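This report describes one protein model for a reader who has not seen it before. The sequence and the structure come first, and the description follows.

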Amino acid sequence: IEVGAGDGTLLRALGPELADLPVGVTAVERSPGARAALATIDGVAVRSTMPSAGAPTMLLAHELLDNLPFRRVRATEDGPREVYVGTGPDGLVEVLRPTDLEATDDETVVPTGAASFVVEALGGTAPRALLAIDYGSDLGAAGPAHGYASHRVVEDLLAAPGATDITAGVDFGALAIAARANGLTA
């Protein structure tokens, strides 16, 4: 199962390599347009949601985890503050609020969405494995949240809502902790 399969670029490349194996191939994608593109790939079942655990399953998440929801915590003189978004006279602005989360650097990214995904994807009774390929580190997110537009880095995440792909490096160490806390092997 490729989760977040997009238009199928990776599955099209993997298809010939998987053709001789006795496996079913499924693409999971939320975007209706991407699902339409995936439906043109022979031998690939297309879904909008994850199938339930039924048979031994290998999941592939290629550059998915960095785009799942995360929380941002900034170190300040007054202690750690979580970064929220509010409105100001000129548009969207950052709003800092006290938090019980820790800020280990100037800004810490807490991968809440990725941790939930890992636990959900690997849950169930059948043996399941996840290969996640993404930018990140096992010692934190390896930098602050940032954006991309037109293949260029965008520093101000709030400058063009809806036109910027907001992302953060993946804290694989935090994901391993979340997996182990839920009885999974990392």
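## Terms for the helix pair

The axes used below are lines fitted to C-alpha atoms, for helices over the stretch in contact, and the angles run from 0 to 180 degrees between N-to-C directions. Two packed helices are described by the angle between their axes and the distance between the axes. The model is predicted.

## Helix 3 and helix 4

Helix 3 covers residues 112–122 and helix 4 covers residues 172–181; their axes come within 9 Å and cross at roughly 40°. Because angles under 35 degrees count as roughly parallel and 65 to 115 as roughly perpendicular, helix 3 is oblique to helix 4. The crossing of the two helices is right-handed.

Which residues make the contact? Helix 3 contributes Ala114, Ala115, Val118 and Val119, while helix 4 contributes Leu175, Ala178 and Ala179. By class, the residues of this contact are 7 nonpolar, no polar and no charged.

## The protein as a whole

The secondary structure comes to 4 helices and 14 strands. Taken along the principal axes, the C-alpha atoms fill a box of roughly 60 × 40 × 25 Å.

The protein has 186 residues, and 34% of them count as buried. Among contacts with a separation of 6 or more, 61% are accounted for by residues 24 or more positions apart.

An open sheet is formed by 4 strands in the order 7-6-5-8, with antiparallel pairing. Strand 7 (91–98) and strand 8 (107–110) stand at its edges; each has a single partner strand, so one side of each is left without a neighbour in the sheet. From one strand to the next, the twist averages 40°.

How many bridges join strand 6 to strand 7? There are 8 bridges between strand 6 (residues 79–88) and strand 7, and the two strands run antiparallel.

Is Thr108 buried or exposed? Its relative accessibility is 13%, so Thr108 counts as buried, the cut-off being under 20%.

Leaving aside residues up to four places away in sequence, Thr108 touches Arg71, Arg72, Val73, Glu102 and Ala103.

Another open sheet has 3 strands in the order 12-11-13, and its pairing is antiparallel. Strand 12 (152–154) and strand 13 (165–167) are its edge strands, each pairing on one side only. With direction ignored, neighbouring strands here are turned by 35° against each other on average.

Strand 11 (residues 146–149) is joined to strand 12 by 3 bridges, and these strands run antiparallel. Tyr148 stands opposite Val153 in strand 12.

## Strand 1 and strand 2

Which way do strand 1 and strand 2 run, parallel or antiparallel? Strand 1 (residues 2–3) and strand 2 run parallel, joined by 2 bridges. Val3 has Val28 of strand 2 as its bridge partner.

Within strand 2 (residues 25–28), Val25 and Ala27 point one way, whereas Thr26 and Val28 point the other way. All of these residues are buried.

Notes:
Residues are numbered from 1 along each chain as its sequence is written. This is a predicted model: local features need pLDDT of at least 70, side-chain atom pairs count only at pLDDT 80 or more; totals for chains, interfaces and linings use all residues. Side-chain values use heavy atoms; hydrogens and water are left out. Angles under 35 degrees count as roughly parallel, over 145 as roughly antiparallel, 65 to 115 as roughly perpendicular and the rest as oblique. A crossing is left-handed if the near helix is turned anticlockwise from the far one by less than a right angle, and right-handed if clockwise. Contact means heavy atoms within 4.5 Å. Ala, Val, Leu, Ile, Met, Phe, Trp, Tyr, Cys and Pro count as nonpolar, Asp, Glu, Lys and Arg as charged, and the others, Gly among them, as polar. Two strands pair if DSSP finds at least two bridges between them. Buried means under 20% relative accessible area, exposed over 50%, partly exposed in between (1.4 Å probe, protein chains only).
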